[in-house]
Amino acid sequence: MARQLDEQIAGRFAVGRRLRVLDVGMGRGAQALRLARAGHQVTGLEQDPVLIAAARDALAGQPEGIRERMRILEGDGRDTGVHFLPGSFDVVLCHGVLMHVEEPDPLLAGLARMLAPGGLLSLLVRNGDALAMRPGLHGDWAGALAALDAAVSLPHPRVAADADEDAPARPAAGVRADRRAALTATLAGIGAPLHSWYGVRVFTDTAGGAPAADDLETLLAVEERAGRTDPYRGVAALLHLCGVRG
């Protein structure tokens, strides 16, 4: 997913430009730190004190220049208007957060207001169009049938999704899911229409066990390719959607 995000940033902004980035629900800060290392000014917003402490510990071990480019705030993504002025950021990340929010539309509208014109909104969500894939491929027929019957599943306590920015954690059973068509309509309605989308964990979400070291590079290449290719990306466990502020 990091490659996809970098690709979108490179395609929208001048090379070498220092971007103002807001990472909502930053978790332990892996993605935020990566962007700070790339030279951007990054603000991480997180409400879990354990994750905040982990992010601050990670930041404390970085060189001074990186520490100066990143700040960590305690807060909820639905309160961005309290912390920031509209148009304050060039890039807003919201990865692995919507699945834990019962009513995501107000959150998304608030995030869109944080974007400067031409700004990029990056979302990582659970794929509501593929809920039956994992139980079905594991022979859990009752679970697959229940997933096919459900529009979305119920809210669940938050689980951090950025322990490795290239391998978001598998969503826990019970977290919400979002359908791409519905999110596409929502993004258009809040002034940040969908620009591109990718599948994340097309195959690895159902693969058993860790891959052998010799297979890892090939596995990542397969996932990268499938995440950009129909029909495979449509059945990925997670979706990465990028909207652009008009």
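Colleague: How many of the twelve residues of β5 are buried?

Modeller: This is a predicted model, in which local features need pLDDT of at least 70, side-chain atom pairs count only at pLDDT 80 or more, and totals for chains, interfaces and linings use all residues. Residues are numbered from 1 along each chain as its sequence is written, and side-chain values use heavy atoms, with hydrogens and water left out. Buried means under 20% relative accessible area, exposed over 50% and partly exposed in between, with a 1.4 Å probe and protein chains only. By that rule β5 is mostly covered, and its buried residues number ten.

Colleague: Which strand does β5 join by seven bridges, and in which sense do they run?

Modeller: Strands here are DSSP E runs of at least two residues, helices are H or I runs of at least four, and both are numbered from the N terminus. Two strands pair if DSSP finds at least two bridges between them. In this pairing S122 has C242 as its bridge partner. The strand is β7 (residues 238-244), and the sense is antiparallel.

Colleague: How many bridges join β4 to β5?

Modeller: These two strands run parallel, with β5 covering residues 115-126. C94 is partnered by L123 of β5, and H95 by L124. The number of bridges is six.

Colleague: Which helix does the chain pass through from β4 to β5, and what is the hand of the crossover?

Modeller: A crossover is right-handed if, with the strands pointing away from the viewer, the path from the first strand over the helix to the second runs clockwise. Here the chain goes through α6 (residues 104-113), and the β-α-β crossover is right-handed.

Colleague: Why is β4 described as largely enclosed by the rest of the structure?

Modeller: β4 pairs with β1 (residues 20-24) in the parallel sense over four bridges, with L93 the partner of D23. As for cover, β4 spans residues 89-95 and is largely enclosed because its buried residues number seven of seven.

Colleague: In what order do the seven strands lie in the sheet?

Modeller: The sheet is open and its pairing is mixed. β3 (70-74) and β6 (194-200) stand at the edges with a single partner strand each, so one side of each has no neighbour in the sheet. The order is β3-β2-β1-β4-β5-β7-β6.

Colleague: What angle does the direction of α3 make with that of β3?

Modeller: β2 (residues 41-46) and β3 pair in the parallel sense over five bridges, and T43 lies opposite R71. Helix α3 (residues 49-60) packs on the sheet and touches both strands, contact meaning heavy atoms within 4.5 Å. Axes are lines fitted to C-alpha atoms, for helices over the stretch in contact, and angles run from 0 to 180 degrees between N-to-C directions. The angle is about 165 degrees.

Colleague: Is T186 buried or exposed?

Modeller: T186 sits in helix α9 (residues 180-189). Beyond its neighbours within four places in sequence, T186 contacts D105 and L108. Its relative accessibility is 17%, so T186 counts as buried.

Colleague: And what share of the 246 residues in the protein is buried?

Modeller: The protein has ten helices and seven strands. Of its contacts between residues at least 6 apart in sequence, 77% join residues at least 24 apart. The buried share is 49%.
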